[in-house]
Amino acid sequence: MFVLSKNTALAAASTSLFVLLWSSGAIFSKWGLAHASPFAFLLFRFAIAICGLVLLVPLLKLKLPKGGKPMVYAMATGVVLLGAYQIFYLLALDLKVTPGVMATIMGVQPILTVVIMERQRSASRMFGLTLGLAGLIMVVYQGIGLAGMSLAGMLFGLLALASMTIGSIMQKRITDNPLGTLPVQYLAGLLLCGVFVPFQPFHFKYSTGFIVPVLWMGLVVSVLATLLLYRLIARGNLVNVTSLFYLVPAVTAVMDYLIFGNRLAALSMLGMLLIIIGLVFVFRKTA
């Protein structure tokens, strides 16, 4: 009889919870955008996340970056990883790109990040990159050429992918107290969002359809899910961490279908499959 150890069960539970919470991000964002403009939703989300993190600073004994260079670098990372990424992501959703398609596009990010950072690119990882890019092309072609999604929406989706990739590379260089940079990075995202607010539509409905999604994104996804991810990374369980990359697009696509009725087309499903296989080849050395 096979019995899971307490640590193994805890790691599996933490991973499963993270995947569900992270996958729900696109769903709740899409729901919130039906009741608010992208920048209104994002501004409130960042403000709520900052409040939540500030309250947790003494509890978790978070140490903010000390010195000019670490602080500036943390702010710059926040501008790209949180600010630019979230702005482009929400603009894509607002232009009718479905959560399932967005999650599939973002599934290429871990492949790009690893291949770009690796100095000596192995044949396995280059093959994984090729598969991932082929899958991405299929998803984009399906969205624009066959499903009639707007070119601007898909462009914002690709810009979100680029921002997340660049931001992840920047974040990986923060090895000293990475968790303590979170409040600073969310503040940077809030400031970037604030720069665009005067020039963009800003409206929201004070209703359940706005309050629940913005609280969920601000507290559950931005704070709880992020802390869970840092905990998984800190425990050094690379199998669990890399498995997240395989699961999130598929789980989001299932949620998108169950909640909004958006079904991925056959070509997009094939693209997602290629991306997942590409991830396997990219991470099989570390998994």
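Guide: Residues are numbered from 1 along each chain as its sequence is written. As the model is predicted, local features need pLDDT of at least 70 and side-chain atom pairs count only at pLDDT 80 or more, while totals for chains, interfaces and linings use all residues, and side-chain values use heavy atoms, with hydrogens and water left out.

Visitor: What makes α2 roughly antiparallel to α8?

Guide: Helices are DSSP runs (H or I, at least four residues) numbered from the N terminus. The axes of α2 (residues 38-60) and α8 cross at roughly 160° and come within 9 Å. Axes are lines fitted to C-alpha atoms over the stretch in contact, and angles run from 0 to 180 degrees between N-to-C directions. Under 35 degrees counts as roughly parallel, over 145 as roughly antiparallel, 65 to 115 as roughly perpendicular and the rest as oblique, so α2 is roughly antiparallel to α8.

Visitor: Which residues of α2 and α8 make that contact?

Guide: Contact means heavy atoms within 4.5 Å. Among them are Phe-39, Phe-46 and Leu-53 of α2, and Leu-182, Tyr-186 and Phe-196 of α8. By class there are 16 nonpolar, 2 polar and no charged residues. Ala, Val, Leu, Ile, Met, Phe, Trp, Tyr, Cys and Pro count as nonpolar, Asp, Glu, Lys and Arg as charged, and the others, Gly among them, as polar.

Visitor: Why are α3 and α8 called oblique to each other?

Guide: The axes of α3 (residues 68-94) and α8 (residues 182-196) come within 7 Å and cross at roughly 55°. That angle therefore makes α3 and α8 oblique to each other. Their contact has 14 nonpolar, 5 polar and no charged residues.

Visitor: And what makes α5 oblique to α7?

Guide: For α5 (residues 109-117) and α7 (residues 151-172), the axes cross at roughly 50° and come within 9 Å, so α5 counts as oblique to α7. Here the contact has 6 nonpolar, 4 polar and 1 charged residues.

Visitor: Which hand does the crossing of α2 and α8 have?

Guide: That one is left-handed, meaning the near helix is turned anticlockwise from the far one by less than a right angle; clockwise would be right-handed. α3 passes α8 in a right-handed crossing.

Visitor: What lines the second largest pocket?

Guide: The lining includes Lys-63, Tyr-73, Arg-173 and Asp-176. By class, that lining has 6 nonpolar, 2 polar and 4 charged residues.

Methods. On a 1 Å grid over the protein atoms alone, a cavity is a set of points where a 1.4 Å probe fits but cannot get out, and a pocket is an open set with protein on both sides within 12 Å along at least five of seven lines; lining residues have an atom within 4 Å of a point. Helices (H or I, at least four residues) and strands (E, at least two) are DSSP runs, numbered from the N terminus.
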